[in-house]
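Please open the structure in a viewer and keep the selection tool at hand.

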Amino acid sequence: MKPAANDLPLATLRRHWGYDSFRPLQREIVDSVLDGRDTLGLMPTGGGKSVTFQVPGMILGGVTIVVTPLISLMKDQVDNLRRRRIKAVCLHSGMTSRERNVAREHLVNGNARFLYVSPERLRNQTFLDDLRRIKVKLIVVDEAHCISQWGYDFRPSYLNIGRLRDVLPGIPLLALTATATPEVADDICSQLRMNNPRRWSMSFSRTNLNYIVRRTDTKIHDVFHILSRTSGSSIVYVRSRKRTADIAEYLNSAGISASAYHAGLTADHKEERQNSWIAGQTRVMVATNAFGMGIDKPDVRVVIHYDLPPSLEEYYQEAGRAGRDGLTSYAVLLTTDTDRGTLRRRVTETFPEREYIKKVYERICNFLHISIDEGYDTIRDFDLEKFCLTFHYQQRQCLAALHLLEQAGYIDFSEESDRRSRVMITVTREELYNAGGITVEAESALRSMLRRYPGIFTDYINISETEISSASMLDEQQVYDALLELNRARLISYIPRSRTPYIYFPTAREEPRYVTIGKNIYEKRRDIMKHRVESMIDYAFNAGKCRENRMLAYFGEKKECGCGRCDVCRDRNKDRQKRGISGIMKRNQELAMLMERTVEFLRSRPRGADFRIIEHGLDANGQDIALCLSQLCDEGFARLENGAYILN
Ligand SMILES: [Zn+2]
C-alpha cells in the first residue's frame, strides 16, 4: 500500500525505515509530538520506542536531543541511524575530551540530526552554550522514570534535564518509559515541567504470557524440570554472578545447552555468548539483570526467576522478555520460604549507615588522589575490587554507599566496563599517504583499518584489534604495537579499550563536615523501597488473587476478571471443575465465615498483624486467609503497612 501523498509521517517511516505501517501507539505519539505537545508515552520495551521520536525528528528538521542513561544503547542507536544515512552523534562522560570535541564540531556545524546525550553532560556549561547556537526542535527523555525519586531506578543526573528546559524554552518534550506506576508517571510530568502533557499508554497486560509462581525447596531441580518440559529459547535470572556459572554448568551437564552472563565478563565474551543465544545455538542464558536491555529476541519461550527481584517493575520488565512474538510463553517465579527474609534484608543492605557512606566518599577521594576543593568535572578509572580490598570493605555494601553518594550528587559511578578501543585518523588523506618512516607492521594495520572502517577520518570509530589482526596477518600484540606507533607518529588517535569502571566527579571534593545525605535521598527512598519489596513479596506469596491482575493493579490498571492463564487462575478452574456448583456454594460459605473471623481478629489488634501471626491466630488454610486479606485490602477495609495488615 502506498501512503497518501500528504501523510508525511507514514512516508517518512517508509523512506527511512522501510516499514509500511506504524505499530500500536506509535502513530498517536508521533502526531502528538508533531502537534507541538509535551507528550508522555508509556511503551513496553520492544514496542518500537525509537520510531516515535526519530520519525518526528526527521520531519521537524533541526536537531533532536535524546537524553538516555545507557551508553551501550546510545552507541547502538547512533550506529543504527548512521546505517540509515541519518547523521547522529553522541556525548557521554566515557568519551575523552578529544572525542567530545569532535562530536561538538559535528553538532555546531549542522552535521547531526540526532544528538544522544547522557544526563550528566547536561551540567556542562559549554555544552549548554552550544545548544543556544543550534536549532533544537525536539527534546526526548528516554527511560523517563529515572527522573523520579520514587521510581525504582532514580538517577539524580536526570534532574539536570531541568536546565535543558531553561536553555531551550518552549521546545516540545517527549518522555518515554516502559514501566511507571501512576504516581511515578505524575512525578515524571511535574519533574520535567511538562506543559499540559498528553499521555499515551499501552495496557500492561500481555495476553500470551502465563505468569506462574512455584513454591519449592529445590530450585535447581525445578529449573531443570521446567526446561526439560518446554522447548525454545529461555532465560534464567539469578541475583549473583557466581550462580550464573554454577547453574549454567549444571544445565549443560544435564544435557541442556546453557551459558552464563553477567556484567563482569569482558566485552568479547559478552558479545560471543549473546550472539550464540540469539542465534539459538545456546538455548538457555543464565544471567544477572545485566542481561536483556536492548536485546530484542522475539521467540523467548520461558523466563525463569531463580531469585525474587526487588520490585514488580523489574520483574515485569525481565519476565516480559518472553513471548515478544505473541506466541504462548511462560514467566516462572521460583520461591522458597527464606526468600521473604532475603528480600527484606536487601532494604537494610541498600541503605548502610550515613557515617559509613561519608567514610566511603572520603576514602574514594584519597584513593584517587583528589584533595579537598579539587576534582570538579573529572573522570577517574576506579577499581572497586581493589578499593574494597584496600579498606576491607564488603563489596555489596560499598556499592550501596556508592549509589547513595551518586544520588546525593557527589559522584557518578559507571560500572559499564566495556569501553571498546577507538581510533580516528588525525591527518588528511594526503598527509597520510605521504607519511614516511613507519614500520611495515604499522602500514599493514593502517591499510586494513582504512578498508574496514569507513568514516575513520571524521570520527572516532570502534575498532577491534582481533579483527585487524585477522585481516592483516599480524598477531594481536603486533597490532597493538602498530597502533601505538601510529599514535606516537601523530597519524591516528588511539584509545585502547578499557575494562575498568570509572567515577565521574560532578562537583569538587567536599570537606567531610559538608557532605550531606538528605532525608529525601535516605529515609524517604528507604520507605518507598520497603513498599516496593512488600508488593513483590505479596505477588510471590499471596495466592489469593490472579497474578496478572495484581501486577496490572500495581501499574494502575483495574481488571474485573482473572487472566485465566496464571497459576492462581488455573488452580481455581481446576477446583471449580472438581467441586461443581454445590461445592462452590459450600466453599463460599466457608470463605464468608473466615472473612468474618479475619475482621474480628484484626479488630483485636489495632496496630495490625503480619501474615504469620494472622495465620497462626486463625488456624485456617493459608491460601484462604490470603484471599480474605487481599479482598479486604482491595475493597478498602484494610491496608498493608510494612508487612502488617491493619483494619481501616
Ligand atoms: Zn490469572
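The stops that follow begin with the domains and then turn to single helices, sheets and loops.

**Before starting**

This is a predicted model, in which local features need pLDDT of at least 70 and side-chain atom pairs count only at pLDDT 80 or more, while totals for chains, interfaces and linings use all residues. Residues are numbered from 1 along each chain as its sequence is written.

**Stop 1: the domains**

Colour the protein by domain: domain 1 (8–201), domain 2 (209–338), domain 3 (352–417 + 501–518), domain 4 (422–495) and domain 5 (575–647). These bounds come from an automatic or database domain assignment. Between the C-alpha centres of domain 2 and domain 5 there are 35 Å.

**Stop 2: helix H12**

Select residues 312–319, which form helix H12. Helices (H or I, at least four residues) and strands (E, at least two) are DSSP runs, numbered from the N terminus. Which residues of H12 are buried? They are Leu312, Glu313, Tyr315, Tyr316 and Ala319. Viewed down the axis of H12, the buried residues fall within an arc of 165°, so they line one face of the helix; the arc is that of the directions from the helix axis to the C-beta atoms. A residue is called buried if 20 or more other C-beta atoms lie within 10 Å of its own, exposed if 12 or fewer, and partly exposed in between, with C-beta atoms placed from the backbone.

**Stop 3**

Strands count as paired if DSSP finds at least two bridges between them; S15 and strand S19 (residues 502–505) have 3 bridges in the antiparallel sense. Select Ser414 to find Tyr502 of S19 opposite.

**Stop 3: strands S16 and S18**

Select strand S16 (residues 422–425) together with S18; the two run antiparallel and are joined by 4 bridges. Met424 has Ser493 in S18 as its bridge partner.

**Stop 4: Met473**

Move to the loop between helix H19 (465–472) and helix H20 (476–488), where Met473 is found. Met473 is not a glycine, yet its phi is positive, at about 65°. Is Met473 buried or exposed? It counts as exposed, because it has 10 C-beta neighbours inside 10 Å.

**Stop 6**

Select Asp619 in the loop between helix H24 (611–618) and H25. Its phi is positive, near 50°, in a residue other than glycine. With 8 C-beta neighbours inside 10 Å, Asp619 counts as exposed.

Finally, display the open sheet of 3 strands in the order S20-S22-S21, with antiparallel pairing. Its edge strands are strand S20 (609–610) and strand S21 (638–641), each of which pairs on one side only. Helix H25 (residues 622–634) packs on this sheet and touches S21 and S22, its direction making about 105° with that of S21. Axes are lines fitted to C-alpha atoms, for helices over the stretch in contact, and angles run from 0 to 180 degrees between N-to-C directions. S21 pairs with strand S22 (residues 644–647) over 4 antiparallel bridges, and Arg639 has Ile646 in S22 as its bridge partner.

How values were computed: Two residues are in contact if their C-beta atoms, placed from the backbone, lie within 7 Å.
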